[in-house]
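The sequence and structure come first.

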Amino acid sequence: MDTKAQGLEIWGHRSHNTTRGLSVLGVAWTITLAIQIAAPAFAGPREQAQRIYERIAGVPPSATVLDQMAAKTAAGDLAGAAAIATDASTFYSVTLKNFVTPWTNRDQTVFRST
């Protein structure tokens, strides 16, 4: 009985250390994840402008367009920067077309049905 009691005591001690180790690991993981999520928030105006353009137009912007959008982004005019991106021909031929296509076919998909 004495051996069993010592074994339980050791097991309880290990369990406590394991729980503490997992708790510290969980906190470290949460901090790492929070930093990764917040990282895009620290992008400069040029990076933000490039990301906006690529998402809207579907292609990388030219240097001139990127400079125009970066100036608007730095001034806090994100809608103005997005408006510049909608002037790209690829916005209408690709992005807008893919957005509307599901509304106009029977399968409600961007893919053509055969």
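A salt bridge is counted where a side-chain nitrogen of Lys or Arg lies within 4 Å of a carboxyl oxygen of Asp or Glu. The model is predicted, with local features needing pLDDT of at least 70 and side-chain atom pairs counting only at pLDDT 80 or more, while totals for chains, interfaces and linings use all residues. Numbering starts from 1 along each chain as its sequence is written, and side-chain values use heavy atoms, with hydrogens and water left out.

**Salt bridges**

Side chains of opposite charge can pair when their charged atoms come close. Two salt bridges are found in a search of the whole structure.

| Salt bridge | Closest N and O atoms |
|---|---|
| Arg46 and Asp67 | 2.6 Å |
| Lys72 and Asp77 | 3.8 Å |

Helices here are DSSP runs of H or I with at least four residues, strands are runs of E with at least two, and both are numbered from the N terminus.

Arg46 counts as partly exposed because its relative accessibility is 38%. Asp67, at 42%, is also partly exposed.

Gln68 is placed in helix H3. With a relative accessible area of 42%, Gln68 is partly exposed. The C-alpha atoms of Gln68 and Arg46 are 9.6 Å apart in space, and the two residues are 22 apart in sequence.

**Helices and their packing**

The protein chain has five helices and zero strands, and its pattern along the sequence is α-α-α-α-α. Of its 114 residues, 17% are buried.

For the packing values, axes are lines fitted to C-alpha atoms, for helices over the stretch in contact, and angles between N-to-C directions run from 0 to 180 degrees. Angles under 35 degrees count as roughly parallel, over 145 as roughly antiparallel, 65 to 115 as roughly perpendicular, and the rest as oblique. A crossing is left-handed if the near helix is turned anticlockwise from the far one by less than a right angle, and right-handed if clockwise.

Helix H2 (residues 45-57) packs with helix H4 (residues 78-85) at an angle of about 45 degrees, and their axes are 9 Å apart. H2 and H4 are therefore oblique to each other, and their crossing is right-handed. Helix H4 also packs with H3, at an angle of about 160 degrees and with the axes 7 Å apart. That makes H3 and H4 roughly antiparallel to each other; the crossing of H3 and H4 is right-handed.

**Nonpolar surface patch**

Patches consist of residues with over 30% relative accessible area and no salt bridge, with like charges joined within 9 Å and nonpolar side chains (Val, Leu, Ile, Met, Phe, Trp, Tyr) within 5 Å. Accessible areas come from the Shrake-Rupley method with a 1.4 Å probe, and for residues only the protein chains shown count as cover.

Which residues form a nonpolar patch on the surface? They are Tyr92, Leu96, Phe99 and Trp103, which together have about 490 Å² of accessible area. Leu96 lies in helix H5 (residues 89-100) and counts as partly exposed, with 32% relative accessibility. Leu96 and Ala57 are 39 residues apart in sequence, while their C-alpha atoms are 9.1 Å apart in space.

Key
Buried < 20%, exposed > 50% of the residue type's maximum accessible area, 1.4 Å probe, protein only.
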